[in-house]
Amino acid sequence: MWRVVWVVLLLVLIGVPVAVYQRWLDIPARWNPWAPLNVQESPNLLTAFKLMRLQQDRELCAEALASSNLTYVSLPDSAQTADCPLENTIRVQGSDMRFTSYLTTCKMAVAFALFERHGLQPAAREVFGQPVTRIEHFGSFACRNIGNSQRRSQHASANALDIAGFQLRDGQRITLARDWQGEGDKALFLRKVHEAACRQFNVTLGPAYNAAHRDHFHVDMGLFHLCR
Ligand SMILES: [Zn+2]
């Protein structure tokens, strides 16, 4: 009896993914791990897997970007001999928000678009009843190591962004440096943004982490998972 149960279970465990992959079984794209990532749809259990595949698969990443509100230009790869070689990178120029353009990996740009749509803007509407129209940052690409270590920073592969502040539609400005401390709406908003960043990016480090991050959120799409 148990043997039959195991065989059936095994067939389902192997059969369903194969059937989805082969498109014998039609399931909604958001529940299909091999379907392109659609930035407009709320992230779910499969989003991390879909994001993970993007950096190696340019076509898939371009499709994900096309579903976002980002404006950008694709950049050629740098020579492998470069000190900090760049692969599958773009220059992001804008979204529903204005910001100084920045160079970043395709995967990181898609994560940013998801964060904006499903984390940042909902937080702004909830706390202030209006959207963020501008984001301030300290940049993405910097060919350097982490702090005083020998390890390369995610900034060295343009796989990170340092977010410093926001501007709302009515002109109000919110910065990490000035508004992280305290009890008001701005502090509340920044806490919600931190939470949302932790859900979207692999690593999120803010003022609570250390003094080096007192004025920005460092977010990246490296291999580690950390939310501080
Ligand atoms: Zn950083």
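This is a predicted model: local features need pLDDT of at least 70, side-chain atom pairs count only at pLDDT 80 or more; totals for chains, interfaces and linings use all residues.
User: How do you know that domain 1 and domain 2 are in contact, and what classes of residue does the touching side of domain 1 have?

Analyst: Contact is judged between residues, whose C-beta atoms must lie within 7 Å, and by that criterion four residues of domain 1 are in contact with six residues of domain 2. On the side of domain 1 that touches domain 2, there are three nonpolar residues, one charged residue and no polar ones.

User: Why are helices α3 and α4 called roughly parallel?

Analyst: Helix α3 (residues 58-66) packs against helix α4 (residues 106-128) at an angle of about 25°, and their axes are 10 Å apart. Angles under 35 degrees count as roughly parallel, and α3 and α4 are therefore described in that way. The crossing in which α3 passes α4 is left-handed.

User: Which residues make the contact of α3 with α4, and how do they divide by class?

Analyst: From α3, the residues C61, A64 and L65 meet C106, K107, A109 and V110 of α4. By class, that contact has six nonpolar residues and one charged residue, with no polar ones.

User: What makes α4 and α6 roughly antiparallel?

Analyst: The axes of α4 and helix α6 (residues 185-200) cross at roughly 155° and come within 9 Å. Since angles over 145 degrees count as roughly antiparallel, α4 is therefore roughly antiparallel to α6. In this pair, α4 passes α6 in a right-handed crossing.

User: Which residues meet where α4 packs against α6, and how do they divide by class?

Analyst: Residues of α4, including L114, F115, L120 and V127, meet residues of α6, including L188, F189, V193 and R199. The residues of the contact of α4 with α6 divide into 13 nonpolar, two polar and three charged.

User: What makes the phi of N88 worth noting, and why is N88 called partly exposed or buried?

Analyst: The phi of N88 is positive, about 50°, although N88 is not a glycine, and the residue is found in the loop between β1 (71-74) and β2 (89-94). A residue is buried at 20 or more C-beta neighbours within 10 Å and exposed at 12 or fewer; N88 has 18 other C-beta atoms within 10 Å, so it is partly exposed.

User: How do you know whether A158 is buried or exposed, and where does A158 lie?

Analyst: A158 lies in the loop between β4 (132-139) and β5 (160-168), and its phi is near 60°, again a positive value in a residue other than glycine. The threshold for burial is 20 or more neighbours, and A158 has 28 C-beta neighbours inside 10 Å, so A158 counts as buried.

Conventions. Residues are numbered from 1 along each chain as its sequence is written. Two residues are in contact if their C-beta atoms, placed from the backbone, lie within 7 Å. Ala, Val, Leu, Ile, Met, Phe, Trp, Tyr, Cys and Pro count as nonpolar, Asp, Glu, Lys and Arg as charged, and the others, Gly among them, as polar. Axes are lines fitted to C-alpha atoms, for helices over the stretch in contact, and angles run from 0 to 180 degrees between N-to-C directions. Helices (H or I, at least four residues) and strands (E, at least two) are DSSP runs, numbered from the N terminus. Angles under 35 degrees count as roughly parallel, over 145 as roughly antiparallel, 65 to 115 as roughly perpendicular and the rest as oblique. A crossing is left-handed if the near helix is turned anticlockwise from the far one by less than a right angle, and right-handed if clockwise.
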